[in-house]
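Here is a short report on one protein model.

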Amino acid sequence: MNKYIETVTRSLKTLNLFEKLLLLAILSLAVASFAIKHDFGVNAWISAIAAILGVFCVVLGAKGSMANWIFGIVEGVLHIYICFCTHIYGDMLQRLLYNLPMQFVGWRKWSRRVRDDESFTIKTRYMTWLQRLLTVAVVAGATVVLSVFLMYFGPWMIDTLMAIFPDMRFTTLKLDYDSTAQLWLDSFTTVMSIVTMWISVKAFVEQWYMWLIINVAYICMWLMSDSAFSFMVVAKYSVYLVNSFYGIYMWHKLSR
């Protein structure tokens, strides 16, 4: 436990002005959300905490800091709950079955690439052109397959839950997506996030270009939702988007 606390503490001490501004931005948006909506319920707090921890995660990830995986674990659990409540099933499944376990894998993989100094940062590298082309092909093909699956997943999941827990009410949950565009965006972001997470674990610089695209897609998808979580989720991914450009810059430096 002391090792993890030390990693987080040292990483937070290295935050520069730009990184502090990103964190201040999400904190300000969280306060604004409470002030505007006057909602202090459990879901409002979960949404705000998930957004704040998520920004800590990506800011530290852009620095190549080991601590990003620690924040990512907690944010991942909260985001799974948010996706379940808002019927964003693709994102929920990839977070539950892939993203969350990969936080632990990422910690182990990055531990082998830590620099020989006190920075708790890693050495990064670039993909080959063949790896890039294969990545595009995999994302395109898997997005089509997943979109077909998700068309039927919502109703099936609710029916299954009602069969297992007949005394509980699940009828308040939406069975389907708000629009076809939201379905396709959920499929794309799910597949792209899975692939990009693996690329991140392998410490490839290209992950940040992919996160940039993912963040734009996520913002569009959550803007289509009328959920109570939407404001803070969009705020989170907007800060992520800014951080993507910073990640590209920082990882180019770390690759030298």
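The sections below go from the whole chain to single residues.

## Basis and overall fold

This is a predicted model: local features need pLDDT of at least 70, side-chain atom pairs count only at pLDDT 80 or more, and totals for chains, interfaces and linings use all residues. Residues are numbered from 1 along each chain as its sequence is written, and side-chain values use heavy atoms, with hydrogens and water left out.

The protein has 9 helices and 0 strands. Helices (H or I, at least four residues) and strands (E, at least two) are DSSP runs, numbered from the N terminus. Along the sequence the pattern reads α-α-α-α-α-α-α-α-α. Of the 256 residues, 52% are buried. Buried means under 20% relative accessible area, exposed over 50%, and partly exposed in between (1.4 Å probe, protein chains only). A contact means heavy atoms within 4.5 Å. Among contacts with a separation of 6 or more, 78% join residues 24 or more positions apart.

## Nonpolar core

In soluble globular proteins, nonpolar side chains tend to be buried together. A nonpolar core here is a set of buried Ala, Val, Leu, Ile, Met, Phe, Trp, Tyr and Cys residues joined through side-chain atoms within 4.5 Å. The largest one has 77 residues. Those with the most contacts inside it are Ile26, Val55, Phe71, Ile82, Trp222, Tyr237 and Trp251. Two or more core residues come from each of α2 (17-37), α3 (42-62), α4 (68-85), α5 (89-111), α6, α7 (180-201), α8 and α9 (230-254). The largest share, 14 residues, comes from α3.

Phe71 touches Val8, Leu53, Phe56, Cys57 and Leu60, not counting residues up to four places away in sequence. Phe71 is also one of the buried residues of α4, which include Trp69, Leu78, Ile80 and Ile82.

How does the span of α4 compare with 1.5 Å a residue? Its 18 residues should span 26 Å, and its end C-alpha atoms are 26 Å apart, which agrees. The expected span is 1.5 Å times one less than the number of residues.

Just after α4 comes His87, in the loop between α4 and α5. His87 has a positive phi of about 55 degrees although it is not a glycine. Most residues other than glycine have a negative phi. His87 is buried, with a relative accessible area of 4%.

## Cavities

A cavity is a set of points, on a 1 Å grid over the protein atoms alone, where a 1.4 Å probe fits but cannot get out; lining residues have an atom within 4 Å of a point. Grid points are joined across faces, edges and corners, and a volume is the space filled by probe spheres set on the points. By this rule there are 2 cavities of 30 Å³ or more.

The largest cavity has a volume of about 370 Å³. It is lined by 26 residues, with Cys57, Val58, Met197, Trp211 and Tyr240 nearest its centre. The lining divides into 10 nonpolar, 13 polar and 3 charged residues. Ala, Val, Leu, Ile, Met, Phe, Trp, Tyr, Cys and Pro count as nonpolar, Asp, Glu, Lys and Arg as charged, and the others, Gly among them, as polar. The largest share of this lining, 6 residues, comes from α5.

The second largest cavity has a volume of about 110 Å³. Of its 13 lining residues, Ser33, Lys37, Ala44, Ser47 and Ala228 are the closest to its centre. Its lining has 8 nonpolar, 3 polar and 2 charged residues. At least two residues each come from α2, α3 and α9.

## Largest pocket

A pocket is an open set of points with protein on both sides within 12 Å along at least five of seven lines. The largest has a volume of about 260 Å³. Of its 13 lining residues, Arg132, Thr135, Val136, Met192 and Met210 are the closest to its centre. Both α6 (129-164) and α8 (207-223) give two or more residues to the lining. The largest share, 5 residues, comes from α6. By class, the lining has 9 nonpolar, 2 polar and 2 charged residues.

Ala203 is found in the loop between α7 and α8. Its phi is near 65 degrees, a positive value in a residue other than glycine. Ala203 is buried, with a relative accessible area of 0%.

Ile248 lies in helix α9 and is buried, with a relative accessible area of 11%. Ile248 touches Trp208, Tyr209 and Leu212, not counting residues up to four places away in sequence. Ile248 and Val205 are 43 residues apart in sequence and 7.0 Å apart in space, C-alpha to C-alpha.
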